[in-house]
Amino acid sequence: MFSAEPRGKLRVTMPAIGYRMLLPYLAEFMQCYPQVELELDFSDRMVDLIAEGIDVAVRSGDLPTSQLMSRRLGPFHFVIVGSKDYFARHPEPHNPQDLAQHACLRYRFPGSGQIQPWDIRSDMALELPVVVSSNNLEALLQAVLHGVGIAYIPEFLVREQLKTGVLKSVLSDYLYDDGKFSIVWPSSRHMLPKVRVFIDFLTEKQILVDQ
């Protein structure tokens with residue numbers, strides 16, 4: 001028999017940038033469920049939930065077919081951003097073809113090592129330069145802030161910098177809004193209360209969703 005009260009260690013993994021969205025809500029969750037001990041892993045690697053004993057994962061993009069249960073959290077969108085200093089030295093791109101003349105900072109998927117494509121509407125095939133690549137979005141953001149180049153980054157990661165004018169978004173009319181986060185967890189006949197309340201909490205608070 002399972003205890004009806006949420007309790008025990010809850011192992012959670014989510015993208016490396018997920019801490020920015022989750023941590024502001026942690027105090028509220030812990031006040032509601034003081035018997036739950038959270039073990040958080042912020043990493044962009046693809047985790048085998050069952051093999052590594054993970055209770056809940058937050059993943060971005062399309063989910064592969066699996067025996068995992070899932071719930072959609074909601075959409076987010078990407079922006080192409082650069083700093084004032086960078087655009088003072090380089091003319092802003094006005095169409096996707098102009099990107100070939102810019103210092104593009106590219107995200108590299110940790111698992112495959114492949115460079116993330118920029119999902120841009122264009123009538124022509126685009127071959128974007130790779131000036132810097134990194135498997136860490138926070139590192140790319142710092143490079144953008146220091147005027148190294150421009151990057152394709154989730155909007156929620158740079159929302160404050162866009163509001164204050166530290167960064168500027170370009171080519172927004174050419175970008176698809178196709179980012180999405182999902183919660184996944186191993187299927188089980190009896191979902192543990194600690195898993196259920198955490199999933200419900202993320203869904204209710206709309207964490208990792210465009211606000």
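The model is predicted, with local features requiring pLDDT of at least 70 and side-chain atom pairs counting only at pLDDT 80 or more, while totals for chains, interfaces and linings use all residues. Residues are numbered from 1 along each chain as its sequence is written, and side-chain values use heavy atoms, with hydrogens and water left out.

**Domain interface**

The domain assignment, which is automatic or taken from a database, divides the chain into domain 1 (8-75 + 179-205) and domain 2 (78-174). The centres of the two domains, taken over C-alpha atoms, are 29 Å apart. Domain 1 contributes 8 residues to the contact and domain 2 contributes 10, where contact means heavy atoms within 4.5 Å.

The size of an interface is often given as the accessible area lost when the parts come together. Between domain 1 and domain 2 about 760 Å² is buried, and carbon and sulfur atoms give 67% of this area; buried area is the accessible area (1.4 Å probe) that two parts lose on being put together, summed over both. On the domain 1 side, Ile17, Arg20 and Asp44 supply 63% of the area buried against domain 2, more than any other three residues.

The interface holds 1 salt bridge, defined as a side-chain nitrogen of Lys or Arg within 4 Å of a carboxyl oxygen of Asp or Glu. There are also 3 residue pairs in polar contact across the interface, both residues being at pLDDT 80 or more. A polar contact is a pair of N or O atoms within 3.5 Å; within protein, one must be able to donate a hydrogen and the other to accept it, and residues adjacent in sequence count only if both atoms are side-chain atoms.

**Local features**

Helices (H or I, at least four residues) and strands (E, at least two) are DSSP runs, numbered from the N terminus.

| Pair | Feature | Distance |
|---|---|---|
| Glu138 and Arg20 | salt bridge, N to O | 2.9 Å |

In helix 4 (residues 137-145), the buried residues are Leu137, Glu138, Leu140, Leu141, Ala143 and Val144; buried means under 20% relative accessible area (1.4 Å probe, protein chains only). Just after helix 4, Gly147 has a positive phi of about 80°.

Most residues other than glycine have a negative phi. Leu171, although not a glycine, has a positive phi of about 60°. Leu171 lies in the loop between strand 9 (167-170) and strand 10, and is buried, with a relative accessible area of 9%.

Terms used
Buried means under 20% relative accessible area, exposed over 50%, partly exposed in between (1.4 Å probe, protein chains only).
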